[in-house]
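Subject: Handing over the two-chain structure

Hi,

Here is the structure I promised to pass on to you. Have a look at it first, and then read on for what turned up in it.

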Amino acid sequence: MSASRREFVKSAAAAAALTAIGPHASALAAVPEIHVPTQRMEDDYAALCLRAIEAARAAGAQYADARIARYRSQGINTRERRVQGLSDNETAGIGVRTLVNGAWGFAATAELTTDAVAAVARSAVAQARANRAALARPVQLAPYGAAQKGTWRSPIKTDPFTIPIADKVAVLLAANDAAMKVRGVRFANSGVNFLREEKWFANTEGSATEQVLFRCTPGMNITAVSADNSDFQTRAANEIAPRGLGYEHFLESDLVGNAPKWADEAVQKLSAKPVEVGRYDLILHPTHLWLTIHESIAHPTELDRALGFEANYAGTSFVAPPEKFLGTYQYGSTMLNIQADRSQTGSLSACGWDDEGVAPEVYDIIKDGMFVDYQTTREQAPYLDWYYKKIGKPTRSHGNSYAQYWSDVQFQRMPNISQLPGERDLTWEDLIAATDRGIAIVGDGSFSIDQQRYNAQFGGQVFYEVRGGKITGMLKDVAYQMRTPEFWKSMDMIGGRSSYFLGGANGDGKGQPAQSNAVSHGCVPSRFRNVNVINTGRSA
Amino acid sequence: MANHGSRPSAPGVDGPRSLFEPPRVAAPALLTRDEADAVTKKVLSFATADETRVTIGSSASGNMRFAVNQVSTSGDSFDTTITVRSTFGKRSASSTTNKRDDASLKSVVERAEALAKLAPEDPEAMPELGPQNYATSSAAWSDATAALDAAKRANAVNAITSVAKAENLVSTGFLDVNVGAFSIGNNKGMFAYHRQTAVALTTTVRTPDGTGSGWAGATANDFTTIDAAALGRRAADKAKRSTNSVAIEPGRYTVVLEPTAVANMVQLIGGSLNARAADEGRSFFSKPGGGTKIGMKVVDERVTLISDPNDPETPGAPFSFDGQPMGRRVWIENGVLKTLAYDRYWAQRQGVPPNGGAGGGLMMSGGDATIEQMIASTERGILCTRFWYIRGVDQRTILFTGLTRDGTFLIENGKVTRAIKNMRWNESPIFMLNNLEMMGRPVRVSSSESGSAGQAVVVPPIKARDFNFTSASDAV
């Protein structure tokens, strides 16, 4: 250990001790707050939102909403014994959306003054007027009942911005150290990102809300290289999902404790047996399956895709047109139950209100294998009016509107979309024990799916050969190819509540300009029969 | 859009305006060189660190989306971010704000410095650069693009939607306009400034029954070079021709790739150009036994691959994120790997000059074959418009997977005979460029999946053999 690093770890330990005895008494915690020009900025921002929507209404908007967001983020990246990057950022701004005679306009600025927000609101109205010319179907907004007012806060235990930076660095470097101790490991990268998003929203229908949302994203990658440089294998720590939580999630991820196991698996991958191509029963661990759900269920059930609005980038959907699929299409096995839920504690899309002020619903998307609903916003729900009338439900938004940043317009983004556990409390081990010839996959890897979400290919982190109900060795170069409806219909065994895991990602891309959504997907170990497996290894 | 003229003064001192004044844009224009220099100097005046670097990005982004033959959303946004990187000895950290008042600038410096003092010493720390000489190029900027307001954007969109409507087709698309200024300065006298406009217009036209889909797109720094109606006609034609598609057996096929599909593949090589990863044994460009493949033939000898932000064909910022001048880097010349991307630390360690990294556009050599000649010379093959959902499978061979999309056709006996269903491939640009048969004239293409303007990519159409298709897709 170098002298500088030893000193650093020592000071980190001292900082940790100080933190334990007093509320951040350590000088190490004294990272200054960005200058706040007024005493109660929160009131000012709420007032600025109201000012913006008044200006939009005065300029002729029939509807307007204003959203001020302030982001505080902190990121640390390390490799081996070195901190590669350390940053702490704060940015803020306002986005104003207006509706004039059924056409949308949007404008955004970082200038948070009374005059600037009014000007940006007028600019959004001018946009809407320019867009109104070629309108075929004017936008209609589904009603959402009483005006929404209140505050909401992510249920965190510890605000990450109150913890000394040295504590965080010490954990990451210790995790790298633990990985590097494993023979054959040559590289270890680790990092963590913390985000706090404060969001003020108001619309011309009387809603005014304030929310404070947190995200914690720890990560680690360990690479082993063969002695002659002819092969290298990386193990990414996918078990560590990003969550809508605070510092506690970073500690509970236990990078230091888990690193030796991941490192060992990276080394084992070097000598793993290349997979033989063919059809196998697959037992998919929830640290892997969440991504398959994301790509092959969550995306195709977005209503804007089904209606053709995303055809130029994200694509359309095989579950379209709605009138041919809603309530009648068998999406998968009767064991398949999929629910949208933005209330799950610690999930990435949890919130009090979506980005158009709607309190999100918990609702079924697939019930006993049958496709029963799409994800919607206020603009989209009226397209399904015929269906909701038929099933006796009110036509309202499910609360699935989101914008990645103040400067981006909100649109339909997936909420947490999760598989419900089976009635019997089966485990990962139970599924393996019940399988005669298969491959068990842990962790997500490579992923790709077509623009209508039929044909997908997924890799993973660790692949196990299963023979006669037992894991008999490790495989490498495994990827499976699937056609969505057949794949979900082939699911014949699923885990119970105790094997449930909440995976997720910050980088769910959609829209033009492309926006990233943060979303969680809960699921249980599940078995799929007779799936096509390819070998991805090629020699250069 | 940017440059509408009036610009709000400092917060809170906005004067009265005429009733007859048109709606005013709510944000400042881009920072000029002098303004960026002034903000940099102000930030430096608050700094107490041994070294301080100030990076400023000001942007005016405008966009218009259309779907089902009408504008769906559009917007303008304005932002200026200021990032301060402070270094004490070998300890560094950075902090970003998007507020420009003195108190915020002072605070962002304090935050970066407080963090830097807490950072462990970085054994790889490199000192900040002193004054540098940078090339200047005007090709990256276009007044016409900077002046593209909502009405002009709507005209471009209408040129496409009217083609689609006239043919009873459904158009969807995106016009992305980015106007930005970027500067880097430090307390050692280095200052670099670059301003740039970029625009991308893409459209996907589908038949109303969803059985046919065609795409066309273009990107440029100067919007006036993009012919929106021609893009609309091209996508519409492909949509009509791609109906009644049939499935063919997956396997290895000769492919004729339009330039966008070539760029989708070739730009993947850029992600593997890092010299350090190659030296460390975790890259395709690692040499078995140690070292890199520099000097070794890696692809067909007709292939040369260059990044040069000063070339008018691929204009971009002539400096790297840490202020190094960035010039012409020949990655592959006549099939031989000539260099890799060296940052300052790794270059010093390996005893080679640093070259600013892998950015700054991408340009591939070409030939004189036309796409028609490529088709005419093909007994059985596949013509591809573009690729989609391209994701890494194996870094050891730069192996990726993805699918064809929006115009995939069967070539039989020298002719395009019919539309085929889309297919998934597992392939490496390295293998593809080793299986090269013919090349055409390089052109600038829209090569990002998301339709963003991105960096300039100039590539030819190509014909290559043994492209590895692994499964069929029902997606249209």
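Predicted model: local features only at pLDDT ≥ 70, side-chain atom pairs only at ≥ 80, totals over all residues.

Let me start where the chains meet. Strand E2 (residues 82-100) of chain A pairs with strand E3 (residues 91-97) of chain B, in the parallel sense and over four bridges. Within that pairing, Asp88(A) has Ser95(B) in E3(B) as its bridge partner. The contact between the two chains as a whole draws 82 residues from chain A and 96 residues from chain B. On the chain B side, the element that gives the most is strand E2 (residues 70-88) of chain B, with 12 residues. Sorted by class, this side of chain B has 41 polar, 34 nonpolar and 21 charged residues.

Next, chain A by itself. It is divided into domain 1 (3-270) and domain 2 (278-535), and the centres of these two domains, taken over C-alpha atoms, are 24 Å apart. Where they touch, domain 1 of chain A contributes 41 residues and domain 2 of chain A contributes 40 residues. On the domain 1 side, E6(A) gives the most, with five residues. That side has 18 nonpolar, 14 polar and nine charged residues.

There is also a helix pair in chain A that I would point you to. The axes of helix H4 (residues 165-180) and helix H6 (residues 255-270) of chain A come within 8 Å and cross at roughly 25°. Angles under 35 degrees count as roughly parallel, so H4(A) is roughly parallel to H6(A). The crossing of H4(A) past H6(A) is right-handed. Which classes of residue make up this contact of H4(A) with H6(A)? It has 12 nonpolar residues, with no polar and no charged ones. Among them are Val171(A) and Leu172(A) from H4(A), and Trp262(A) and Pro260(A) from H6(A).

Finally, chain B has an open sheet of six strands with mixed pairing, in the order E10-E9-E8-E11-E18-E17. Its edge strands are E10 (336-337) and E17 (443-445) of chain B, each pairing on one side only. E17(B) runs antiparallel to strand E18 (residues 457-459) of chain B, joined by three bridges, and Val445(B) stands opposite Val457(B) there. Helix H6 (residues 259-266) of chain B lies across E11, E17 and E18 of chain B, at about 115° to E18(B).

Enjoy exploring!

Definitions and conventions. Residues numbered from 1 in each chain as written. Chains lettered and ligands numbered in written order. Contact = placed C-beta atoms within 7 Å. Helix = DSSP H or I, 4+ residues; strand = E, 2+ residues; numbered from the N terminus. Nonpolar A, V, L, I, M, F, W, Y, C, P; charged D, E, K, R; others polar. Pairing = 2+ DSSP bridges. Axes fitted to C-alpha atoms, helices over the stretch in contact; angles between N-to-C directions. Parallel < 35°, antiparallel > 145°, perpendicular 65-115°, else oblique. Left-handed = near helix turned anticlockwise from the far one by under 90°. Domains from an automatic or database assignment.
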